[in-house]
Amino acid sequence: MAIADNRWSLFYQGLRQLYQQASGTTTAPDIANALLQSDYLTALFFELADDNFASVIAQLNLTPKHLPINVAPVVKAMALGLILSRNYGWQPQRSKQFLQTIVLSAAYTLVAANAHHAKVHAAKALQQHNKQHPLLPLLIATCNIQRQPAWQLHPDAPLLSLISDLAQQLLPATGSLPGLEKVLTQYQANQPDVVNSIWFCQLQKLVDLQALPGRFAKETQSDSNSRHYWFISGVAPAQDHALAVYVRPFDPVSKTVGNDVQQVALAALSLLNPQYYRDLSWLTILEQDDDLLPVPSEYSLDMCLSQSQFHKLGQLSINKQVQMLESQPLLSHFLQQAAGSISRQQLPVNRLRHAISMLGQDALSNWVAQAELHQYCLLQSHPHQQWLQQLQQCLEHALQLFCDAANQPLAAGSAGIIARCATASLWQHSALPQTGLARQTQQQLLLGIYIQQHVWQAQRYPEQAQQLLQHYQQAGWDDAMQSWHSQQPVQLTLLLKLSWQLTLAVFCAGSANEQRLGTMLAAAAVRLKLPEHSKTYWQNQLMAASQCYYPLPEM
């Protein structure tokens, strides 16, 4: 208990020191020191969350009395940021950068008029220090949140701005502290459509089930003349399907919490407003709950291949196949959707065995290969997941168009796995998650520029695609990647390159991509024996076949 108490004390002390860097001066604090300190505090916050996530949730309900008024919202924002990032399934590195951006602005609250200006000061200082720093795009986007639409900004900027706003509302300048449930109710009253937002649903779920550690309550009914007060230390197993909590007796006069732990029904309690507090030991008596918003595990391409079931399928009976695939819900769901999409009636398929029968044993391996790569992509929780999926779908249909035209038809399952192998590395591209969905430079989509550079210039791109194509036994296509950067590529390489360029000319449309498509078509038409059609014809064919669209960002 004392260790946890000391670690939270270290965290609060570090925040105060970060805040006080500019104390007594009219100049901003040293950005290099602020970066080091914010990195340390972020890492410590993650460690405290790993020790007991209930203590992070308690930060929404308990506010340290000794923290400066400008710094206390930083703790609330960090707690909300970690809660939402885990609910969204973000990879740890993305969560870390998000929370460090919140902490860094604390160093500039003394030289700024408000929280927004603190972020502006931090962004300017960081830009002068290092224009390539990974935190800079998010900071700049958050500063410009009122000036530009969300789809032109860093994808995490709207969420960071929202969290900062929520944190401020949890700490009003006057009056009692509201609980998260009251803040959400106020949001819903002002913006009724907010109930459809992902963030609102996640926080409302937290309020309904888990946001109780660190709250105080009193009995709604009491047989005696005195009313009992309680400190809620955790969520207990439900009693007769009713939510129950662990409580300890609380003396509101002496501000002390007792040692006896009881389990009571939540319905028997009336929640009190969140409180300021001085005794850090209250954080150490919260019940341990290892299942409370666990850390999303990192899932790399190497892990995807090492856990692959692709090579085992042919050796199993259909009963064993069903048993093996049912243990992986994402794979099972993908196969059922795939079966429904190829049926004549386009009816939903709700049983895995039925889906396997419809897909057929000959094609099952390719569909499972697609399902495994689809699972890999989903588990990255990429901010542009839907956009990249649409790009992937475009490439799949472009492949089918050109292969059919070249009299080398591809089955849908084969085209799908080749397209997924050819695009999977985009989910690892470091610049894409920090780029606005519709941000342009020189009248070109910036996402498209990054993707073009990756596909046409990166030395690792053909190696990564070849590794996947070999694993999933796409004969010929894996060898085709060896001549990817060759001036005289083999036919399959040419087909894939032409499909990529058509995809870019449609999904990342612009004069430069259209010109490259026209040049590539003229050079490839003779070798591939393609019918003589204009680039516009092929673009229209792809748009009709893929029915692609640009998904708007969601929060």
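Which residue of strand 5 is the bridge partner of D251?

## Strand 4 and strand 5

The model discussed here is predicted. In strand 5, T256 is the bridge partner of D251. Strand 5 covers residues 256–257 and pairs with strand 4 in the antiparallel sense, over 2 bridges.

## Strand 3 and strand 4

Strand 4 (residues 242–251) is also joined to strand 3 (residues 229–239). These two strands run antiparallel, and 7 bridges join them. One of the paired positions involves Q239, whose bridge partner in strand 4 is A242.

Strand 3 and strand 4 form a hairpin as well, with 2 residues between the strands. In this hairpin, D240 takes a positive phi near 50°.

## Strand 4 and strand 6

A further partner of strand 4 is strand 6, which spans residues 262–265. Here 4 bridges join the two strands, and they run antiparallel. V247 has its bridge partner in strand 6, namely Q262.

## Domains of the chain

The chain as a whole is divided into domain 1 (7–209), domain 2 (215–285), domain 3 (298–364) and domain 4 (382–546). When the centres of domain 2 and domain 4 are taken over C-alpha atoms, 60 Å separate them.

Methods
Residues are numbered from 1 along each chain as its sequence is written. This is a predicted model: local features need pLDDT of at least 70, side-chain atom pairs count only at pLDDT 80 or more; totals for chains, interfaces and linings use all residues. Side-chain values use heavy atoms; hydrogens and water are left out. Domain bounds come from an automatic or database domain assignment. Two strands pair if DSSP finds at least two bridges between them.
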